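Visitor: I am new to protein structures and would like to ask some questions about this one. Could we go through it step by step?

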Amino acid sequence: MIEFSDVSKIFKVKNREVKAVQNVSLKIEKGDIFGVIGFSGAGKSTLLRMVNLLEKPTVGTVKVHDTDLMKLSPKELRGLRRNIGMIFQNFNLMTSRTVAGNIAYPMKLEKVPKKEIERRTKELLSFVGLSEKAKDYPEQLSGGQKQRVGIARALANNPDILICDEATSALDPETTADILKLLKRVNAELGITVLLITHEMNVIQEICNRVAVMENGFVIESGDVYDVFTNPQHPTTQRFIQSVNQDRPSEAILKEWRENGGNHLYRVLFKGSTTHTPLLSEITQKYGVYFNILYGTVRELQQQMFGNLLVSFEGDERAIKKAILELQQIVEMEEVVVHES
Amino acid sequence: MKVDWALFWPRILEATGQTIYMVLLTLIFGAIIGIVIGLLLYVTRENNIMESKVVFTILNILVNIIRPIPFIIFLVALSPLTRIVMGTTIGTTAAIFPMTIAAAFSIARVVENNLISIDPGVIEAAKAMGASSWQIVFTVLIPEALGPLVLGLTFVTVGLIDFSAVAGTVGGGGLGHIAITYGYQRFDTSVMIVTVVILIVLVQLAQWLGNTVSKKILRR
């Protein structure tokens, strides 16, 4: 669907070169909700804009539907752009047009007949839940409503790709959740492939099936959201995941645990079906060991369960060792070091 | 010396008509030329939709040269060209030529400034929707800038009433001519006061009209 092959973008700013995107190769498949996450300045916005050639790659190729974008004539490029919907952090609605006028605009560019524009505008307004606001002007709307108009406008010409430039970054958490739900519907009900960029890990966690992490212009990690979440490799990825998934209590709590005689603390990762069985009880009972969950979360990600628990074991030293050995056959476990101070 | 008001009122009315005629035609032609130059100044800027360093630099220098020249000097300096274009330098119609040129360059800057204040994100969105550069000019830039543009044109119109008075002193006719000949050369204060009052009323009307129209467009 969208394919970046060894793409770099270098900006020249006052005789200085800024490498916004460096050697990026990524493939976004049909039906994906693909999220690119990174801190500001990571190059994700530039990368996104290469999909409709608002930014031209300095080297490398970007293909959409197997077409090399750099080989398109200006007219062909405009045709392609009409097939790619785009929404923005600041919505970018025209203040001189009503809600309906904004949604109709891309269809007017396509010279869609007036009757059809009216019909389609009504349909889109109802899809995004703004039927009563057709005659309002953008300044009368809340942020979430503006983004809904943005989405309706982006869908007007029945695109097969929707690209989202920090679409929820200007919204409060509740509105963000609503917009994410809407994007999910766009993907599921209309079969539109979504490519989004964000600096919020919860956006990726909520709706994406695939993710790429960017830093200093490079893609440092990418893959299925479940895999990246449950087994992050790069420190930056780990930081992002910790932002939504605090996996360690404060040192004060750990110290208290230690002072109360705690000695064996392990991080236990449950993935997929391992969350369905009473593993910990079974094995600890077998060896006559007690366990205590100190901290952790169990959550659903991509319709799969994922548990990340800090478990303290108490009892006979040898029995503990045996129990842990058996547990390690089934789940990922590693001992947690508590810093003595 | 006393003025015969029975004879004089028709003259005042005629002069008022001449002033309105000069201002209106100048506004129409000046706005057309000014909007074109202003748009060109904007779209040919660096990184803009029709970037062209040559066009931008030439227009920018031209505007910077013409705008600061005091209108009374500009009027005289332009008279050879006025004679070529209009056939004469005397009369109300002839005055419209230099007024239009001066107005056009003022309007160009007003238009450019209004366009700069448009959110670049809106233009990017139009581009992303597949709009061509010309479509962006006519369907995004002009409608988005229209409200402030009307206010800008109103501001220029008030200046044009001033221009017309200056043109009146060098054979352009209108209220300026009356004020100078009767008020200044014949020391007739009453005529002076009448023309001043009429000019004030004209300015008020123009401002009211501009405010009303822009209010409608801006919805505030």
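Visitor: What percentage of the residues of chain A count as buried?

Guide: This is a predicted model, in which local features need pLDDT of at least 70 and side-chain atom pairs count only at pLDDT 80 or more, while totals for chains, interfaces and linings use all residues. Residues are numbered from 1 along each chain as its sequence is written, chains are lettered from A and ligands numbered from 1 in the order in which they are written, and side-chain values use heavy atoms, with hydrogens and water left out. Buried means under 20% relative accessible area, with a 1.4 Å probe and protein chains only. Of the 341 residues of chain A, the buried share is 50%.

Visitor: Which residue of β4(A) is the bridge partner of A:E3?

Guide: Strand β1 (residues 2-13) of chain A pairs with strand β4 (residues 59-64) of chain A in the antiparallel sense, over five bridges. In β4(A), the partner of A:E3 is A:K63.

Visitor: Which residue in the turn between β9(A) and β10(A) has a positive phi?

Guide: Strands β9 (residues 210-215) and β10 (residues 218-224) of chain A pair in the antiparallel sense over six bridges. They form a hairpin with two residues between them, and the positive phi, about 50°, belongs to A:N216.

Note on methods. Two strands pair if DSSP finds at least two bridges between them. Helices (H or I, at least four residues) and strands (E, at least two) are DSSP runs, numbered from the N terminus.
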